[in-house]
Amino acid sequence: MKRGIFLLSAIVAACMTVGSSHAQTEDLFNGKDLSNWNFVVADGNTPAEDVFSVQDGVILVQGNPFGYMYTKKKYADFTLEVEWAWVDKPSNSGIFLMISDPKTPFPNGIECQLHAGDAGDFILLEGADLAEYKQPAGEDRPKFPVVKKRADSNEKPVGEWNKAKIEVKDGVMKVYINDLLQNTGTSNVKEGYIGLQSEGGLIQFRTVKVTPAG
């Protein structure tokens, strides 16, 4: 009898652990509105809702004016999962990581590039740095330094959903595009806001969720 009670207790404890782990995942997009996001728009005369909106249960970003929507709190040591799709033609956008001060259209931070054909590149914004970036000797630092992805593009065509999974642990960022490891970056900055960019053309986002690292 005691053995049966012990086994039952172990099963209950395991189920509670699994449930607790699942409960940690935070849906950054609630499927209805953008009430849990803040916004930066380069054109101060354009309301954020004209650039960022929800239609048919997905986030629609116009691409112009430039700007981004960003989380209301900073995150450190997490896995971020984002799905995106181009609406009418391949264009440009990005996922911002480690944003320290969300004021300008290109804040200090790391961009996971979503530009068509380059998804998985890292772009270093406003003086941000990664250990993997090697500046050519004798050359000035470019405005937007790039750490290129590892493999050829594995993105899906217009109208189909792509998936980015970004693992961040102690400042080390690993980017998987459609389940393929495309890039790794090491930052001295270990927490920041997360953002979704408006830059160039119509783009949709749906799944946007973050899970604390175990």
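Is Ser187 buried or exposed? With a relative accessibility of 5%, Ser187 counts as buried, because that value falls under the 20% cut-off. Keep in mind that this is a predicted model.

## A quick look at the whole protein

Let's start with the overall make-up. The protein has 15 strands and one helix. Of its 214 residues, 43% are buried.

## The open sheet

Seven strands line up as an open sheet, in the order S2-S5-S14-S7-S8-S9-S10, with antiparallel pairing. Which strands stand at the edges? They are S2 (37–41) and S10 (146–147), and each has a single partner strand, so one side of each is left without a neighbour in the sheet.

At the S2 end, the pairing with S5 (residues 67–71) is antiparallel and runs over five bridges. Within this part of the sheet, Asn38 sits opposite Tyr70 of S5.

In soluble globular proteins, nonpolar side chains tend to be buried together. Here, the largest nonpolar core counts 42 residues, and the ones touching the most other members are Ile59, Leu80, Trp84, Ile95, Leu196, Phe205 and Val208. Strand S6 (residues 78–86) gives this core its largest share, five residues. Apart from it there is another core, of nine residues, including Ile99, Phe106, Leu125 and Tyr193.

Leaving out residues up to four places away in sequence, Phe205 touches Val58, Ile59, Val61, Val82, Glu83, Trp84, Ser93, Leu114, Trp161 and Leu196.

## Ser93, a buried loop residue

One of the contacts of Phe205 is Ser93, which lies in the loop between S6 and S7 (94–99). Ser93 has a relative accessible area of 0%, so it is buried.

What does Ser93 touch, not counting residues up to four places away in sequence? The list is Trp86, Glu111, Gln113, Leu114, His115, Gln197, Glu199, Ile203 and Phe205.

## Asp121, between S8 and S9

Asp121 belongs to the loop that links S8 (109–113) with S9 (122–125). Its relative accessibility is 3%, so Asp121 counts as buried. If neighbours within four places in sequence are set aside, Asp121 is in contact with Glu111, Cys112, Gln113, Val146, Val147, Lys148, Lys149 and Asn183.

Two of those residues come with distances. The C-alpha atoms of Asp121 and Lys148 are 4.7 Å apart, although 27 residues separate the two along the chain. A polar atom of the Asp121 side chain also lies 2.9 Å from the backbone nitrogen of Lys149.

## Back to Ser187

Where is Ser187 found? It is in the loop between S13 (180–186) and S14 (193–198). The side chain of Ser187 reaches the backbone nitrogen of Val189 at 2.9 Å.

Further along the chain, with neighbours within four places in sequence left aside, Ser187 is in contact with Asp129, Leu130, Gly171 and Met173.

Definitions and conventions. Residues are numbered from 1 along each chain as its sequence is written. This is a predicted model: local features need pLDDT of at least 70, side-chain atom pairs count only at pLDDT 80 or more; totals for chains, interfaces and linings use all residues. Side-chain values use heavy atoms; hydrogens and water are left out. A nonpolar core is a set of buried Ala, Val, Leu, Ile, Met, Phe, Trp, Tyr and Cys residues joined through side-chain atoms within 4.5 Å. Buried means under 20% relative accessible area, exposed over 50%, partly exposed in between (1.4 Å probe, protein chains only). Helices (H or I, at least four residues) and strands (E, at least two) are DSSP runs, numbered from the N terminus. Contact means heavy atoms within 4.5 Å. A polar contact is a pair of N or O atoms within 3.5 Å; within protein, one must be able to donate a hydrogen and the other to accept it, and residues adjacent in sequence count only if both atoms are side-chain atoms. Two strands pair if DSSP finds at least two bridges between them.
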